[in-house]
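Please read it with the coordinates open.

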Amino acid sequence: MSTVEVNFDGLVGPTHNYAGLSWGNLASASNVRGQSNPREAALQGLRKMKALADLGFCQGVLPPHERPHLPTLRSLGFAGSDAEILREAARASPTLLAAASSASSMWTANAATVSPSADTADGRVHFTVANLNAKFHRAIEHPGTSRILRSVFADEACFAHHPALPAVSQFGDEGAANHTRLCAGYGEPGVELFVYGRAAFNESGTRPQRYPARQTLEASEAVARLHGLDASRVVFAQQNPSVIDAGVFHNDVIAVGNGPVLFYHEHAFADEARLLQELNEKLGATPLIPIRVPEEAISVEQAVTSYLFNSQLLTRPDGTMVLVVPAECREQEAVSHYLDCLIAGSNPINEVVVFALQQSMRNGGGPACLRLRVVLTEQERAAVNGRVLLTDELFRCLERWVEKHYRDRLTQADLADRALLEESRNALDELTGILGLGRIYEFQ
């Protein structure tokens, strides 16, 4: 039975804007209150999906959330008509309005943690939606994310869904951005690597001092239990606290894994030697292929500004790999030189593909942020609901949909415009028909 990894990218929503809501994400903070272009952002994401599909990789699409999210504002005491709520929120708390309007669900690497059926005790694909409780604008996402995932992966014979973990700091969970899977082949049992920033119940443990550690050990352990993973094939590793303080808010900003390859910066992990030893032991007959990037080649600062590691590492049928990077990697001389050396070297990565994703990058999200990796057998792919696996026809349809509904400029002041709310709702209502997902939004 053929098993493939499907990358489900999030469609950028119509309210894509730069509000600087993510403390610890340097790109988000540096572009605060800038003018965004939602249409360009959505088209950039779609073109990346289409290009990867054209290269032969299986590509899926997940819809954005409803924004501005009026139920959130109502729960915080704003009352009246939709227009009155938006107007009063803009007057009383522009930050709350920006949080309720964020298009951050586009970064589906944070949507959930996913374990394929080859790893789980009951032989189903397991999803645990992330609570994202470190940031308010993201903490309101999990109910909508759960509805979307349960609609797309609806067949209970193939898929199991778990609600978000308790929304307290001790169980902070950021989803697949801190999780990767190493394996000989996608259809074979793998080793799941969970990376955490702090152990919440160990006050004496090391932790960052400047920026928050968003993922806890306790959350990662809970997800592994919920998914029925064999402890002999699970590894928990702490992220280096110093790189979190340098702006590495998720592990996927400093490391990426695929198949037997772990591509990472030398300062990514708190105990690199122990991690490599444990991965090798648990992979067994499959030798780990570590690609370690030394500080002297690429500094942590350069890794953060270029998003070298926030890349997609994809396997071709012949076993060779393609590294998908943002255009910023070719704009930095040291990073570009490293990439040339990488593909010329003796390792499975022999091609670098570059995409312009500036609209997402200015908010701190590169290629890896935009996709949720879901390993599926042929049977499981056939069970995927709706029209979410990308084809030429679907791409053209979505491209026309974006051109029809999205604005080409958006500022913070525009978030109070009731017309924007109506435009967004009309767009999403049409999108559910295009994708065949039925009623997944609260306003429908």
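This is a predicted model: local features need pLDDT of at least 70, side-chain atom pairs count only at pLDDT 80 or more; totals for chains, interfaces and linings use all residues.

1. Annotated site. The UniProt record, an unreviewed entry, puts the feature "active site" at Glu174, His250 and Cys369. These positions are spread over 196 residues of sequence, yet they cluster in space. Their largest C-alpha distance is 11.3 Å. The annotation may be inferred rather than shown by experiment.

2. His250. This residue sits in the loop that links helix H9 (241-245) to strand E9 (255-258). Is His250 buried or exposed? His250 counts as buried because its relative accessibility is 2%, and the cut-off for buried is under 20%. Leaving aside residues up to four places away in sequence, His250 touches Asn110, Glu174, Ala177, Asn178, Arg214 and Gln239. Glu174, one of these contacts, also carries the "active site" feature in the UniProt record.

3. Cys369. The loop between helix H14 (358-361) and strand E15 holds Cys369. Cys369 has a relative accessible area of 3%, so it is buried. Which residues does Cys369 touch, not counting those up to four places away in sequence? They are Met106, Trp107, Thr108, Ala109, Asp252, Asn310 and Gly364.

4. Strand E1. Residues 3-10 form E1, which is mostly covered. Six of its eight residues are buried. E1 pairs with strand E15 (residues 371-377) in the antiparallel sense, over seven bridges. Val4 has Leu376 in E15 as its bridge partner. E1 also runs parallel to E2, with four bridges joining them. There, Asp9 is partnered by Val61 in E2.

5. Three-stranded sheet. What is the order of the strands in this open sheet? The order is E12-E13-E14, with mixed pairing. E12 and strand E14 (349-355) are the edge strands, each pairing on one side only. From one strand to the next, the twist averages 25°. E12 and strand E13 (residues 321-326) run antiparallel and are joined by four bridges. Across that pairing, Thr315 stands opposite Met321 in E13.

6. Helices on that sheet. Helix H2 (residues 38-54) lies across E12, E13 and E14. H2 runs at about 150° to E14. Helix H13 (residues 333-344) lies across E13 and E14, at about 145° to E14.

7. Why do the next features deserve a look? Most residues other than glycine have a negative phi, and most peptide bonds are trans. Here, a cis peptide bond joins Arg67 and Pro68, with omega about -5°. Pro68 belongs to the loop between strand E2 (59-62) and helix H3 (70-75).

8. Leu132. This residue is not a glycine, but its phi is positive, about 50°. Leu132 lies in the loop between strand E4 (125-129) and helix H6 (136-139). Its relative accessibility is 2%, so Leu132 counts as buried.

9. Tyr307. Here too phi is positive in a residue other than glycine, with a value near 60°. Tyr307 is in the loop from helix H11 (300-306) to strand E12 (312-315). Tyr307 counts as buried because its relative accessibility is 4%.

Methods. Residues are numbered from 1 along each chain as its sequence is written. Side-chain values use heavy atoms; hydrogens and water are left out. Helices (H or I, at least four residues) and strands (E, at least two) are DSSP runs, numbered from the N terminus. Buried means under 20% relative accessible area, exposed over 50%, partly exposed in between (1.4 Å probe, protein chains only). Two strands pair if DSSP finds at least two bridges between them. Axes are lines fitted to C-alpha atoms, for helices over the stretch in contact, and angles run from 0 to 180 degrees between N-to-C directions. Contact means heavy atoms within 4.5 Å.
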